[in-house]
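Take a walk through the structure shown below.

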Amino acid sequence: MSSYQEPLSDEARTKKQEELFHSIIDDKLGDIPVRLIDTTSGKLCSTGELHAHFKESRSYMEVEMKILRANQKVMKATVDAFFEYAMFSHRWSTTIDDEPTYDHIKGEESIYDLKTPPGIDKLQQFCKVARENQFRWAWSDTCCIDKTNNVELQESIISMFSWYRLSSVTIVYLSDVIDEESFRNSVWFTRGWTLQELIAPRLVWFYKKDWTPYIDSKQNHKEDPRVVKTISEVTSIDRTVLNQFVPGLRDVGSDEVKKRMSWLASRKTAKIEDMAYCMMGIFGVHMPVMYGERKNAFVRLQKEIMTLTDDLSLFDWVGEPSELHSYFASHPSCFANAPAGSGRSLSKLSHPRLFASKVFASAVGSTIRMNIKKLLLDPPHGHFIANGKMNIPLFVHEVTNLIPADATCPPTLNDDGSIDYLVTAEGLAEVKFTTHKLLPIMFNGENSPCYRLVRMWDSKLIPSEDDVKKVDEETGSGSGDGEHRDGDDEHHDGDGKHHEGFIHTPHWLDKSDVLSPMTAAVSHNAVVTFMSRLRQPFVAQLLIQTKQGRPYERVGTRERLIAVPSSGSITFRGIRTLSVR
C-alpha cells in the first residue's frame with residue numbers, strides 16, 4: 001500500500017492554523033489573572049473582555065491575515081506581547097475599608113475617575129506608572145479578585161505565585177520609605193504575602209512614598225548589588241535565592257524546608273490561615289483554601305510538604321507542637337533561626353580513616369554487622385499518616401530518668417513560664433532542655449508515663465558507593481583485605497556482651513541468623529561508616545506516652561535537642577515504628 005497522502009487544501013490548512021492560534025490564546029488566558037485593569041482606559045476587564053480586546057488589536061489582525069505563513073513561535077510571541085502585565089505589591093492599609101475592592105471598581109468606566117475610597121490614589125498611581133512604562137494591563141490584589149466568590153478566591157490564592165512569576169514586572173510601593181534607612185525598616189518586609197511577591201517575580205521595581213523609583217534604574221532592582229545586599233540582610237534570604245528561586249521541592253537539598261519556613265517565621269498576616277496559604281506557591285503545594293480553619297491550615301501545609309519530600313528539616317523545629325498533630329509545628333515561628341550560642345551545632349563527620357580503624361571495626365560484632373547489612377539492603381520506606389496518627393521509623397532510646405533541673409519540690413514554672421529538665425536515655429549523654437509545660441513525673445509502676453528520645457530514620461545515613469570507596473582507599477581494606485569476618489568475634493560472656501569492643505547486643509538481635517549472599521555483598525566498611533554516622537551528635541525529639549497503649553506525643557521544647565551518644569559504648573538500635581498523635 002502506498003503511504004502517500006495528499007496535501008491539505010488551503011481551507012483545511014487555514015482551519016488547522018486558526019485552531020493552533022486560538023489554543024495558544026486560550027492557554028495564555030488560563031495562565032494570567034482572571035481580571036486585569038486596562039491602564040489606558042482605567043477599566044477592569046474580565047477574561048472574556050481581554051479576549052475581545054485582543055481580537056480587535058492590530059497584532060491579532062496581522063496574524064490572521066498571514067495565518068497560513070504564521071508559525072507557532074510567531075503566534076506565541078504575538079500573544080505574549082499583547083498580554084504583558086504589571087503586578088502590584090504593597091502593604092495594605094491598616095484600615096481595610098480604605099482599600100478599593102472589586103465592588104468599588106466593577107462596572108466603572110475608569111478607575112481614574114474615582115475619588116473614593118482613600119486607597120484609590122495608590123491604585124491610580126500604580127496604573128499610571130505601569131502605563132508610562134508601556135504595560136497596558138495591570139493587576140492589584142485589592143480589586144482584581146471578587147473575594148465574595150469562593151471559587152475565584154481559591155483559584156486566585158493558589159495561582160498567585162505563578163501570576164507574579166509570569167508578570168512582566170512587579171511594582172512594589174513602599175509607603176513608609178524615603179531613604180535607605182527607612183527601606184531597611186519597611187513594614188513591607190514583615191508581611192507574609194509579600195514574601196512570595198519578593199521572590200516570585202523575575203523583574204521588580206521599588207517605589208518610595210512619593211512614587212519615585214528607589215534607585216534610578218529600569219533594570220531589575222533585585223539585581224542591584226546594594227539593594228540585594230540590604231534585602232538579604234533584612235530577610236535572611238540568600239542573594240542567589242532572590243533571583244534564582246525555583247518553587248517546589250523537587251531535587252532540593254537537605255534543610256531546604258526549614259530554610260524556607262524560616263523566611264516566614266517573623267512575618268505576619270491579618271488572617272492566621274494566610275500564614276499557610278502564602279507559602280503554597282513557594283513549596284509547590286496545592287490544597288483547598290478554607291478560611292475559618294485557623295491554625296489547622298499550617299498543619300495541612302506541613303502534611304502536604306511531607307508528601308513531596310523526605311527532607312527531615314520539616315520536623316526540625318522548636319516551640320509548641322500543633323494541637324491537631326504533635327509532630328507538626330504550631331506556627332512558622334517555630335522554624336526561626338536559633339540565636340547564636342543558643343544550641344550546639346552538629347559535628348561534621350570525622351575523617352573516614354577514624355571510622356574504619358581497627359579498634360572501631362573490632363567493636364562491631366558479627367550479629368550487629370549482620371543486622372546493619374539487612375537494614376542497608378532493605379531500609380525503611382519513610383513516615384506516613386494513617387487514622388490521624390503518624391507512623392514513623394525511628395531509632396529509639398528509652399528514657400531512664402527525667403527530672404527538673406531545679407530541685408524545687410513540687411516542680412514549678414519559672415517567671416517566664418518555662419521549666420528546665422534533665423533527661424537521661426539509654427546510650428546517650430544527659431540532655432538539658434527547656435519546655436513551657438510541667439511534664440508528668442516518671443515512677444515505678446505500669447501507670448508511669450513513658451518517655452523516649454528518638455532519632456528519625458534518614459536515608460542519608462546510608463553510605464554511598466563513593467563514601468565506601470573513599471574509606472576503602474584510605475584504609476587499604478578493599479573488598480577483601482582486612483575484612484572483619486562475621487563469626488570471628490571473641491570475648492563474649494553469657495549475657496551477649498563483647499567486652500573488648502564494648503558492644504552491648506540488644507536482646508532482639510537474632511544471633512542464629514546466617515548471612516545470606518545478599519547481606520554478605522554489603523562491605524564491612526559500609527557497615528562501619530554507617531555505624532560511625534550513628535555515633536555523631538544528632539537532632540532528637542522527646543516523645544511521651546502518658547499511658548500504656550496510647551499513641552506517643554511530641555514534647556515541645558524551647559531549643560533543639562542535640563543528643564550525643566555515650567562514650568565507651570557502641571550500640572546499634574534497630575529501627576522501630578512508633579505511632580505518634
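Arginine 294 sits in the loop between α14 (280-283) and α15 (296-308). The model is a predicted one. Arginine 294 is not a glycine, yet its phi is positive, at about 60°. Its relative accessibility is 52%, so arginine 294 counts as exposed.

Serine 236 also has a positive phi, of about 65°, although it is not a glycine. Look for serine 236 in the loop between α10 (225-235) and α11 (239-244). With a relative accessible area of 46%, serine 236 is partly exposed.

Next come the cis peptide bonds. One joins threonine 116 and proline 117, with omega at about -5°. Proline 117 belongs to the loop between α5 (102-105) and α6 (120-132). Another cis peptide bond links cysteine 409 and proline 410, and there omega is about 0°. Proline 410 lies in the loop between β8 and β9 (419-425).

Now step back to the whole chain. It has 21 helices and 17 strands. The chain runs to 581 residues, and 49% of them count as buried. The accessible surface of the chain comes to about 29300 Å². Carbon and sulfur atoms hold 50% of that surface.

Go inside. The largest nonpolar core has 117 residues. Ile171, Phe206, Leu301 and Tyr327 have the most contacts inside this core. Take isoleucine 171 as a guide. Leaving aside residues up to four places away in sequence, isoleucine 171 touches Ala86, Met87, Phe88, Ser89, Phe126, Val129, Ala130, Trp205, Tyr207 and Trp211.

Where is space left empty? Rolling a probe the size of a water molecule over the atoms shows this. A search of the whole structure finds 3 cavities of 30 Å³ or more.

Start with the largest cavity. Its volume is about 170 Å³. A lining of 13 residues surrounds the largest cavity. Which of these residues lie nearest its centre? They are His397, Leu534, Pro565, Thr571 and Arg573. Strand β8 (389-404) and helix α21 (524-534) each supply at least two residues of this lining. Sorted by class, the lining of the largest cavity has 6 nonpolar, 4 polar and 3 charged residues.

The second largest cavity has a volume of about 90 Å³. Its lining is made of 16 residues. Nearest the centre of this cavity are Trp317, Ala540, Gln541, Arg554 and Thr557. Strand β14 (residues 538-545) gives the most to the lining, with 4 residues. By class, the second largest cavity is lined by 8 nonpolar, 4 polar and 4 charged residues.

Turn to the second largest pocket, whose volume is about 690 Å³. Its lining has 23 residues, and Trp92, Lys147, Trp193, Ala270 and Asp274 lie nearest its centre. The elements that give two or more residues to this lining are α7 (150-166) and α9 (193-199).

The last stop is aspartate 141. Find it in the loop between β4 (137-139) and α7. Is aspartate 141 buried or exposed? Its relative accessible area is 12%, so aspartate 141 is buried. Residues under 20% count as buried. Beyond residues up to four places away in sequence, aspartate 141 touches His90, Trp92, Lys147 and Glu197. Aspartate 141 and tyrosine 102 are 39 residues apart along the chain. Their C-alpha atoms are separated by 9.4 Å.

How values were computed: Residues are numbered from 1 along each chain as its sequence is written. This is a predicted model: local features need pLDDT of at least 70, side-chain atom pairs count only at pLDDT 80 or more; totals for chains, interfaces and linings use all residues. Side-chain values use heavy atoms; hydrogens and water are left out. On a 1 Å grid over the protein atoms alone, a cavity is a set of points where a 1.4 Å probe fits but cannot get out, and a pocket is an open set with protein on both sides within 12 Å along at least five of seven lines; lining residues have an atom within 4 Å of a point. Grid points are joined across faces, edges and corners, and a volume is the space filled by probe spheres set on the points. Buried means under 20% relative accessible area, exposed over 50%, partly exposed in between (1.4 Å probe, protein chains only). Accessible areas come from the Shrake-Rupley method with a 1.4 Å probe; for residues, only the protein chains shown count as cover. A nonpolar core is a set of buried Ala, Val, Leu, Ile, Met, Phe, Trp, Tyr and Cys residues joined through side-chain atoms within 4.5 Å. Contact means heavy atoms within 4.5 Å. Ala, Val, Leu, Ile, Met, Phe, Trp, Tyr, Cys and Pro count as nonpolar, Asp, Glu, Lys and Arg as charged, and the others, Gly among them, as polar.
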